[in-house]
Amino acid sequence: MKPPAARAHRDMILEVANLTMRFGGLTAVDRVSFTALRGEITALIGPNGAGKTTLFNCITGFYRPSEGAIRLHRPGALPVDLHRLAGYRIARSGVARTFQNIRLFPGMTALENLLVAQHNTLMAASGWAVGAVLGLSRYPAAERAAIEVARRWLLATHLLDRADDPAGALPYGAQRRLEIARAMCSSPGGPALLCLDEPAAGLNPRESEELARLLLEIRADGTSILLIEHDMGVVMKISDRVVVLDHGRRIADAAPAAVRSDPKVIAAYLGEEGEEE
């Protein structure tokens with residue numbers, strides 16, 4: 001039987017090593033290291049200003065880190081150095097994300113938002129328009145496949161009956177789910193790693209329950225998840241591991257129950273009442 005360290009390395013999907021991000025004289029992320037394992041939900045928590053979104057922006061290519069490394073590990077392939085790639089190449093490597101603020105196309109229908117997410121696949125099938133001019137386009141078949149992928153995620157997010165409604169007309173909770181569906185449509189076969197920035201923000205308890213079920217279904221379907229979240233009910237219910245940041249530094253990295261009772265985490269973030277929530 002392989003030792004735990006060997007199993008963890010084998011099952012790793014994301015490796016963050018000594019990551020540092022500076023903005024002038026401000027160090028937003030300070031030598032943070034952690035790993036996320038394949039097939040798990042890893043939560044990143046901490047007080048406002050702890051550096052969580054900055055770290056997400058480094059992982060997804062919005063920022064180039066000042067120091068350190070971020071690597072995506074895929075079975076049977078060499079690790080991908082995400083810290084060296086532009087954002088669009090990170091997305092193509094199988095990393096998708098959502099944002100704190102909803103960024104749907106409000107005037108497009110729910111279905112159209114999911115088709116836009118498959119833009120690269122559709123354009124490649126058309127030969128980047130050249131094939132269509134020559135009558136060699138595979139676009140019709142690709143479009144049918146894209147609609148089927150979109151339909152699958154509309155069904156999974158309970159939005160199939162709203163497929164033709166403008167995204168901006170959907171209730172807030174439905175827009176949150178649609179944004180996750182769009183991220184899931186962004187890579188052929190679904191992303192390897194889904195990064196969610198506060199997906200439960202603004203949701204009522206019923207919507208938070210629906211979100212938790214959706215994320216567990218996505219994990220069961222083979223996509224690993226890294227999420228920033230302040231809703232401790234969601235975090236403790238669905239996470240396999242929790243990483244805690246405070247003032248840009250990692251102060252804990254453990255299973256949810258251990259993090260919940262960690263004195264450093266209670267003092268920095270959860271508060272004394274956190275143990276009873």
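The following legends describe close-up views of a predicted model.

**View 1. Strand S9 and its burial within the predicted structure.** Strand S9, which spans residues 241–246, has five of its six residues buried, and it is therefore largely enclosed by the rest of the structure. One of its partners is strand S3 (residues 41–45), with which S9 pairs in the parallel sense over four bridges. Within this pairing, Ala 43 stands opposite Val 242 of S9.

**View 2. The hairpin of strands S9 and S10.** Strand S10 covers residues 249–254 and runs antiparallel to S9, to which it is joined by five bridges. Val 243 has Asp 253 of S10 as its bridge partner. Two residues lie between the strands of this hairpin, and His 247 adopts a positive phi near 50° there.

**View 3. A nonpolar patch on the surface, formed by Phe 105, Met 108 and Val 116.** Together, the three residues Phe 105, Met 108 and Val 116 present about 220 Å² of accessible area. Phe 105 belongs to the loop that lies between strand S6 (95–97) and helix H4 (110–116).

**View 4. Arg 31, a residue with positive phi in strand S2.** Arg 31 is not a glycine, yet its phi is positive, near 55°. The residue is found in strand S2, which extends over residues 26–37. With a relative accessible area of 52%, Arg 31 is exposed, since the class begins over 50%.

**View 5. Glu 198, a buried loop residue with positive phi.** Glu 198 also takes a positive phi, of about 55°, although it is not a glycine. Its place is the loop between strand S7 (193–197) and helix H9 (205–220). The relative accessibility of Glu 198 is 14%, and the residue therefore counts as buried, the cut-off being under 20%.

View 6. At a relative accessibility of 10%, Asn 57 counts as buried.

Key:
Residues numbered from 1 in each chain as written. Predicted model: local features only at pLDDT ≥ 70, side-chain atom pairs only at ≥ 80, totals over all residues. Heavy atoms only, no water. Buried < 20%, exposed > 50% of the residue type's maximum accessible area, 1.4 Å probe, protein only. Pairing = 2+ DSSP bridges. Patch = residues over 30% accessible without salt bridge, like charges linked within 9 Å, V, L, I, M, F, W, Y side chains within 5 Å. Areas by Shrake-Rupley, 256 points an atom, 1.4 Å probe, with all protein chains shown as cover. Salt bridge = Lys/Arg side-chain N within 4 Å of Asp/Glu carboxyl O.
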